[in-house]
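Student: I would like to go through the labels used for this model and ask what stands behind each of them.

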Amino acid sequence: MENLEIAAALKEMATLLEIKGGANPFRIRAYRNAVRTIEEHPVPMRKLLEEGEDLTELPAIGKDMASHIAELVNTGRLSELEAVAEEVPRSLVEVTRIPNVGPKKTAKLWKDLGVETVADLAAVAAEGKIAGLEGFGKKSEEKILAAVERYQEREVRFRIDQADQLVRPLVEHMEADKRVQTLEVAGSYRRRKETVGDIDLLVQSDEPEPVMKRFTGWSQVAEVVGAGETRGSVVLKSGLEVDLRILPEESYGAALLYFTGSKEHGVALRKRALERGLSINEYAVSELADEESGEEGTTSTTGRELGKRIAGRTEEEMYEALGLPWIPPELRENRGEIEAAEKNKLPKLIEQGDLRGDLQMHSTWSDGKNSIEEMLEACAAKDYEYFALTDHSKALAMTGGMDAEKLARQWEEIDEIVETHDEIRFLRSMEVDILAEGDLDLEEEWLERLDVVVVSVHSRFNLPEKDQTERILAAVRHPHVNILAHPTGRIINERDPFPFDLDAVFEACAEHSVAVELNAHPSRLDLKDTHLMRAKEKGAKIVISTDAHRVGELDLISYGVEQARRAWLGPADVINTWPLRKLLGFFSA
Ligand code: DGT
Ligand code: CA
Ligand code: CA
Ligand code: ZN
């Protein structure tokens, strides 16, 4: 059981207790705090337990919580959760996920109207039964009805980092078998899309039968949907679906190309093959046998006779057979990559090693979990040339946001730290809130003194599009502003981007030498790939930042780099690949 599954069980526990009512609020909070610790821990709890570590040494994990975690890891179950579920239907947890509902309202809907599921909620809302409930009303009923409809239409996809967490142990499990000669995760996962619908696993093996058995027999499989000789499909306990294909060596490259997709990329390749008198499928590229030759051949998926086999062993030879260089998976979305490849004009994509610094992170001075010095040392250990510490401004009071007076005190600490650390350049910065009218949440004299001014919207996501645009433009035009952080405010699977005129903002960023952030946190990945492409088109520069709230999160930079690659970005487009002098020049422009 992986950390995200353990966290999900404890979260469910907390929510059920809240719905049930009468529980000690500290007990509920204890679960939620433990959830945060587990979700953010870089090492799987199962590994810590295997190594005999004492879990109570982790923040927010007491003796009880440690034994719950151990029970989950060892048995896959939580008896305490099963006991509460006797009294409160587990399906209510899903009801709490509807926007504007939450545990308190769910409790009322359940106790007064017998709502147990999202479908029940839709029904009572449609029947007009909610308006009369204490604390609800007609408006609230309409909102709930609309939210339920949106919820029911939405497609459930796993975030790429969640997929990573669930796929890694499966890969380990499969690779431990010598009969697995080569293994690759294909599909949207290999293209490093921000979310994946399912996982497509490819294995090269000459002994498919035992490999298939090993796959369907994995301890984390909840259901085997199908298992033939070379194709299998399972649902994991986490809910993630995995398809497996087992192939012989001569077809492995063809299958890798086909199942990496995207479908649109595959369709475009097939068209290209046909134009060249070739046929492509998941087994090979072959010649289309010409009518006169009368040779016996196999039949292609389009029903035409196939002739000589040209390629299939590797992806490189597949592309080569089509007159193309190998195309990086992140580009395979049929957004012009085939045309570019044809002309040998594929972009030189950014790589993690190109980065020289990280320009958004928090310390214990606001809502971060590590001290300034710890953040500095961690950045230096990554061999960065520079980094910016960007604690919150005072508008975000709940994060311990800083006013000028607190900032001045922070600088005293920074002065001391800088004196003993010359291994990395410390950039003094702050993540300054953009206030309602586009003003900034810090006095002018301090904005001027900062090395980097990062600005972001953390409130009033619902402004009309025009007002929101004006508000952001006002901030971008401010002479001291350098970076617009997480520009659309989206949280993947939780909060949609707020509406504003992206083009107008990108144009203003280009004009005023303000970089647009690609927030690398896998829950944000904001801007997303298509928006990044648009920003570049408009001439804006990009900065990839982690927004780390603890040392371990500095590693999340890889997700930002992958997203940047999907947007065709190269080192020249991303300011934190630049040497310090050039970076500072950009900021002072
Ligand atoms: P996902 O799972 O929704 O995140 O996206 P993918 O891209 O992983 O799609 P999936 O799992 O349905 O299929 C895996 C790959 O198989 C897909 O990227 C391309 C290939 N594929 C699936 N269906 C078709 C098809 O109808 N035509 C072609 N050319 N390729 C297909
Ligand atoms: Ca897939
Ligand atoms: Ca699939
Ligand atoms: Zn922020």
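Student: Why is Asp-200 called buried?

Tutor: This is a predicted model, in which local features need pLDDT of at least 70 and side-chain atom pairs count only at pLDDT 80 or more, while totals for chains, interfaces and linings use all residues; side-chain values use heavy atoms, without hydrogens and water. Residues are numbered from 1 along each chain as its sequence is written, and chains are lettered from A and ligands numbered from 1 in the order in which they are written. Asp-200 has a relative accessible area of 15%, and buried means under 20% (exposed is over 50%, partly exposed in between; 1.4 Å probe, protein chains only). Asp-200 is therefore buried.

Student: How does Asp-198 count, buried or partly exposed?

Tutor: Asp-198 has 22% relative accessibility, so it counts as partly exposed.

Student: Which residues coordinate the zinc ion (ligand 4)?

Tutor: Glu-431 (OE), His-458 (NE2) and His-486 (NE2) coordinate the zinc ion (ligand 4) at 2.0 to 2.3 Å. Along the chain the spacing of these donors is E-x26-H-x27-H. Glu-431 in strand β13 (residues 425-433) and His-458, in the loop between β14 (452-456) and α20 (465-477), are 27 residues apart, and the pair links distant parts of the chain. These elements are DSSP runs numbered from the N terminus: helices are H or I with at least four residues, strands E with at least two. Glu-431 is also buried, because its relative accessibility is 1%.

Student: In what order do the seven strands form the open sheet?

Tutor: The order is β11-β12-β13-β14-β15-β16-β17, with parallel pairing. The edge strands β11 (357-358) and β17 (542-545) each pair on one side only. Two strands pair if DSSP finds at least two bridges between them; β15 (residues 483-484) and β16 (residues 515-519) are joined by two bridges, with Ile-483 the bridge partner of Ala-515.

Student: What makes β7 largely enclosed by the rest of the structure?

Tutor: Five of its seven residues are buried, so β7 is largely enclosed. β7 pairs with β4 in the parallel sense over six bridges, and Leu-202 stands opposite Arg-245 in β7. With β6, β7 runs antiparallel, joined by five bridges, and Val-242 of β7 is the bridge partner of Val-234. β6 and β7 form a hairpin with four residues between them, and Gly-239 in the turn has a positive phi of about 100 degrees.

Note on methods. Donors are N, O and S atoms within 2.8 Å of the metal (3.2 Å for Na, K and Ca); water is not among the atoms, so sites may look incomplete.
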